Amino acid sequence: MAKHQEVKAGVIFPAGEKNEAFAQYFTGQSYLKTLVADPKVNVGVGNVTFEPGCRNNWHIHRGGFQVLLVTGGEGWYQEEGKPAQSLKAGDVIVTHDGVKHWHGATQDSWFEHIAVTAGTPEWLEPVANEDYDNL
């Protein structure tokens, strides 16, 4: 059984619906609960939940940034050319404009974070299975 099963229901906010809008940019299943989508505010805020083994593709935020507030489970964050960082509840990640990166759950744990995002994501290639499996 996967670790952190309680994350399935959401830790602070509900896990949301299956993330169909961005499914093509993920390996595995994620869930999205939009918290702020106000056109008068220059950031979006969402609660993103990852099933074990789920991760997003490499991507770059153009004209903005992303702040990840980890609320539950265990995950990974990696910037291009750097080693992957293990994530757990309470961790905060700041990704600056133009930095290629990915994030997602560990193979054996649910994972959840609140994402505060500005700018436009440029979605790139998936994280290679071999690289992910070796974490």
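Glutamate 74 pairs with lysine 3 in a salt bridge whose closest N and O atoms are 3.0 Å apart, a salt bridge being a side-chain nitrogen of Lys or Arg within 4 Å of a carboxyl oxygen of Asp or Glu. This pair links distant parts of the chain, with glutamate 74 in strand E6 and lysine 3 in the segment before E1, 71 residues apart. The model is predicted, so local features need pLDDT of at least 70 and side-chain atom pairs count only at pLDDT 80 or more, whereas totals for chains, interfaces and linings use all residues. Residues are numbered from 1 along each chain as its sequence is written, and side-chain values use heavy atoms, with hydrogens and water left out.

Both partners are partly exposed, glutamate 74 with a relative accessible area of 24% and lysine 3 with 35%. Here buried stands for under 20% relative accessible area, exposed for over 50%, and partly exposed for values in between (1.4 Å probe, protein chains only). Side chains of opposite charge can pair when their charged atoms come close. The structure holds seven salt bridges. Among them, glutamate 79 meets lysine 82 at 3.2 Å, N to O; glutamate 79 counts as buried at 15% relative accessibility, and lysine 82 as partly exposed at 49%. Lysine 100 and glutamate 125 are likewise joined, at 2.8 Å, N to O. Lysine 100 sits in the loop between strand E8 (92–95) and strand E9 (101–105), and glutamate 125 in the loop between E10 and helix H1 (129–133), so this pair ties together parts that are 25 residues apart in sequence. In this pair, lysine 100 is buried at 17% relative accessibility, while glutamate 125 is partly exposed at 38%. Shared partners also join Lys3, Glu74 and Asp108 into one network of salt bridges.

Turning to the overall fold, the protein has one helix and 10 strands, which are DSSP runs numbered from the N terminus (helices, H or I, at least four residues; strands, E, at least two). Its elements run β-β-β-β-β-β-β-β-β-β-α from the N terminus on. The radius of gyration is 14 Å, close to the 14 Å that the globule rule gives for 135 residues, so the protein is as compact as a globular protein of that length. That radius is taken over C-alpha atoms, and the rule is 2.2 Å times the number of residues to the power 0.38. Of the 135 residues, 43% count as buried.

Inside the protein, the largest nonpolar core has 12 residues, including Phe26, Val48, Phe50, Tyr77 and Phe111. Such a core is a set of buried Ala, Val, Leu, Ile, Met, Phe, Trp, Tyr and Cys residues joined through side-chain atoms within 4.5 Å. Strands E4 (44–50), E6 (59–79) and E10 (111–123) each give two or more residues to this core, and E6 provides the largest share, three residues. A second, separate core of six residues includes Val43, Ile114, Val116 and Ala118.

Leaving aside residues up to four places away in sequence, tyrosine 77 touches Leu68, Pro83, Leu87, Ile93 and Trp102, among others. Serine 30, in strand E3 (residues 30–36), is buried at 2% relative accessibility. Beyond its neighbours within four places in sequence, serine 30 is in contact with Glu17, Lys18, Asn19, Thr49, Phe50 and Cys54.

How values were computed
Contact means heavy atoms within 4.5 Å.
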